[in-house]
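This report goes through a set of chains as given by their coordinates.

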Amino acid sequence: MCLGIPGEIVEILTARPDLAMVDVSGVQRAINIGLLDEVPVPGDWILIHVGFALSKIDEAEAKAALDFLESIGQAYADEMAALQASAID
Amino acid sequence: MTDTEMYQPGTAHKTREEEVLDRIDRTRRARARVKEERITLSHGAGGKATQSLIEAIFLEEFRCSELEPLEDAARFDIDGVRLAFTTDSYVVSPLFFPGGDIGDLAVNGTVNDLSVSGATPLYLSVGMILEEGFPVADLQRIAASIRRAATAAHVRIATGDTKVVQRGKADGCYINTAGVGVIRHDIVLGADRARPGDAVLVSGPIGDHGVTVMLARGELDIAADLPSDTAPLNGIVAGLLAAVPGVRAMRDATRGGVATVLNEIARASEVAVVIDEAAVPVRNEVRGACEILGIDPLYVACEGRFVAVVDGAQAELAVETLRAHPLGAGAAIIGRVVADPPTLVLLNTAFGGTRIVDLLVGDPLPRIC
Amino acid sequence: MRYVDEYRDAETARALAARIAALVDPGREYKFMEVCGGHTHTIYKHGIEDYLPENITLVHGPGCPVCVIPMGRVDDAIHIARQPNVLMTSFGDMMRVPGGDGSFFDSNAEGTNIKMVYSPLDALKIARTNPDQQVVFMAIGFETTAPSTAMTILRAAEEGLDNFSVFCNHVTIIPAIKAILDSPDLRLDGFLGPGHVSTVIGCRPYEFICSSYGKPLVVAGFEPLDILQSIYMLMLQLSEGRCEVENQYNRVVPWDGNPVALRVINQTMEPRTYFEWRGLGFINYSALKLRDAYAKYDAERLFAVPGVRVADPKACQCGEVLKGVLKPWECKVFGTACTPETPIGTCMVSPEGACAAYYNFGRFSRQRVREATQV
């Protein structure tokens, strides 16, 4: 039941302001955005759980997280390369 | 484990966990029984419950050599001519969906069961069960679809039947089709013919049909630009058999999806099948819908895709042959057959870990075909 | 898929695994509990344990809201479904959970109308379009899902619907964690905190785990790299002698939680004095019920439920598995009498249950498979 999926807001439904059209990998569904304290705008990413947006994805934090993970990956790759290079001698 | 067993040269000392796994393995191989008193939707899902039902009731009652292999079609010899014979029923809801309708499924499904058995499909029967109140215009539409699909598949509707049941039964329209075809003498296929070293291929992206139908029901309020993949496979299969002599087995991945087919092959051949998650083709929309709903595309029905097991040395030739056909544009080598542990299907996750892919339990997508 | 694929990268996984291994004290065993069933599912689905050194064990906790529903409550739900004109709606995960007399699936075979829905809003829609039916929504889940049920009730009230009600089985996570911490059978080194529950309750509620019990907790996301990174953060804490709550899932989890969500829960629901958890027994203030103001939407009040306590089958060891005392395969009936198609207990039936996850994904000997899966 912890199934939460990231989705991108594509449209706020003007007729029903508590609903927004959300896209997940080309698939679209109307999601209730009533639990968010700030109205999202198209282009925002949100976490979807059983038809509701639970939280807005903080893009800055997401980027920082990925940069960190990438740096670990890079450091590891560098180390492995160094290991390989030293083995060649 | 006795002392002598434990110190037998070559016998690895089993951990407690391995003992438990062995015990479970023995239980899984035990005779199938149906414990339920009433039929549930699981019995129609194509997974474990369906299998148990078939083995415990139908195979028990109808047992004969032609039925026992439980392949997609029965194969037998009459006066020197090898025939394939199959039947399928279609109870899809809704009747009309993006990419096709129940009529298309009814023809393609049976054509495909014959094709993957190595037969050239020739004649179909069409049995219709109609609900009182069903619009004649819809019936006309379905009949036209059947005609178009039969023409495209080069088969003829040679015989049929019609029944009408009271309002409230048959959900509009149920269709049963049976089909017969001829197999060339040099074609030998079977789910029990996979051997270590073989390659496993799929003819295109998986899960399109099941997801399309689920979304078309309108209950989930999900919109996607996705059509069913229903299609006749006789052309692409014939092409494969002509170009690649080392085809061991083929199955179309309908109810229960690719995962079910792989498990059936692993079980029948007593081998392990290892597939790579990253190699399995899945459309973005199918992936998205499955992620939202928590369903695994490997278990979702297709109606125009098949799995082929071929001699490992001919894998590249096979996949190129498939890709040369319009229906095989997305074909891919998804894995291979190894000896151990037998009857298991293993998945190398994109993440780099391993897990098993077991037979479906329950019924995540009721009435897809 | 954005925000998903990046967190499934194998290269980075190897790098994190190397860092985790570097922090491991070779003579020591480490036990971390992932509370949330969703984490258990991810761990097995992606084969994350393959990346961990032998001395780190992941213990599966009780954070699976389907797993902790006692059989008696399933019977109560079926009792409601059997009433005239009742159309019951439920999440898919509940459909095969066995009560004392069968599951929702079995019950449908006997004639009830229990429909699977993806969202409580779908249940509301069914109520709108079927005014002659009494539509009941089987509400389950932790604080992650309670706000959705709450919003749906508020919507029903706004629209003045009189054929919609909720059978509320929402449970709260902190009492469950506390029950684990107070359990004498268990010795844990830290926790992977439930990521999505935390989007609602925030990170503060876990602080007592550090201050009163001396165990670190890292709120973890659900992608495989999230979990590996969280384990790395726990190991780092242990090696640096720290003990605090950290938020690995900060792209989604706000430290203070979701005030709107908390408000609507509070508006529509209140804590039950006690509630029975399968395997954990009765826990005080661990579940929610509808407030009097919303009695009109409370299925428990509209339909007289039997409320009979059904004892778990003797063979069932779900309780010990839920507490992390037993691994799934250590349960006496695992895989033989209790399988996903013939489940005795909920750990096997819920897709997030530890037993189901292990049976469906992890049931193989790592040694034998290592050879098979090498390219």
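Leaving aside neighbours within four places in sequence, B:Leu201 is in contact with B:Ala308, B:Val310, B:Ala318, B:Val319, B:Leu322, B:Ala331, B:Ala332, B:Ile333 and B:Ile334. Contact here means that the C-beta atoms of two residues, placed from the backbone, lie within 7 Å. The model is predicted: local features need pLDDT of at least 70, side-chain atom pairs count only at pLDDT 80 or more, and totals for chains, interfaces and linings use all residues. Residues are numbered from 1 along each chain as its sequence is written, while chains are lettered from A and ligands numbered from 1 in the order in which they are written.

**Core and buried elements**

B:Leu201, B:Leu262 and B:Val273 are the residues with the most contacts inside the largest nonpolar core, which has 257 residues. Helix 10 of chain C supplies the largest share of this core, 9 residues. A nonpolar core is a set of buried Ala, Val, Leu, Ile, Met, Phe, Trp, Tyr and Cys residues joined through C-beta atoms within 7 Å. A residue is buried if 20 or more other C-beta atoms lie within 10 Å of its own, exposed if 12 or fewer, and partly exposed in between, with C-beta atoms placed from the backbone. Helices (H or I, at least four residues) and strands (E, at least two) are DSSP runs, numbered from the N terminus.

In chain B, helix 7 (residues 234-243) has B:Asn234, B:Ile236, B:Val237 and B:Leu240 buried. Seen down the helix axis, the buried residues of helix 7 of chain B fall within an arc of 165°, so they line one face of the helix; the arc is that of the directions from the helix axis to the C-beta atoms. Among the elements that cover these residues are helix 4 (102-115), strand 5 (119-131) and helix 10 (315-323) of chain B.

Strand 11 (residues 272-276) of chain B has 4 of its 5 residues buried, so it is largely enclosed by the rest of the structure. Two strands pair if DSSP finds at least two bridges between them. Strand 11 of chain B runs antiparallel to strand 13 (residues 332-338) of chain B, with 4 bridges, and B:Ala272 stands opposite B:Val338. With strand 14 (residues 345-348) of chain B, strand 11 of chain B runs parallel, again over 4 bridges; here B:Val273 faces B:Val345.

**The sheet of chain C**

In chain C, 5 strands form an open parallel sheet in the order 2-1-7-8-9. Strand 2 (56-63) and strand 9 (245-247) of chain C stand at the edges, each with a single partner strand, so one side of each is left without a neighbour in the sheet. Neighbouring strands of this sheet are turned by 25° against each other on average, direction ignored. Axes are lines fitted to C-alpha atoms, for helices over the stretch in contact, and angles run from 0 to 180 degrees between N-to-C directions. Strand 7 (residues 190-194) and strand 8 (residues 217-220) of chain C pair over 4 bridges in the parallel sense, with C:Phe191 opposite C:Leu217. Helix 7 (residues 173-181) of chain C packs on the sheet and touches strand 1 (30-36), strand 2 and strand 7 of chain C; its direction makes about 130° with that of strand 2 of chain C.

**Interfaces of chain C**

Chain C has 46 residues in contact with 31 residues of chain A. Helix 1 of chain C gives the most to this side of chain C, with 7 residues. By class, the side that touches chain A has 25 nonpolar, 13 polar and 8 charged residues. Ala, Val, Leu, Ile, Met, Phe, Trp, Tyr, Cys and Pro count as nonpolar, Asp, Glu, Lys and Arg as charged, and the others, Gly among them, as polar. C:Glu11, in helix 1 of chain C, touches A:Gly73 and A:Ala77, not counting residues up to four places away in sequence. C:Glu11 is partly exposed, with 16 other C-beta atoms within 10 Å.

The contact between chains C and B takes 38 residues from chain C and 41 residues from chain B. Helix 16 of chain C gives the most to the chain C side, with 4 residues, and that side divides into 17 nonpolar, 10 polar and 11 charged residues.

**Backbone geometry**

| Site | Feature | Value |
|---|---|---|
| B:Ser93 to B:Pro94 | cis peptide bond | omega near 5° |
| B:Asp340 to B:Pro341 | cis peptide bond | omega about -5° |
| B:Asp79 | positive phi | about 50° |
| C:Asn85 | positive phi | near 65° |

B:Pro341 lies in the loop between strand 13 and strand 14 of chain B. B:Asp79 is exposed, with 4 other C-beta atoms within 10 Å, and C:Asn85 is exposed with 11.
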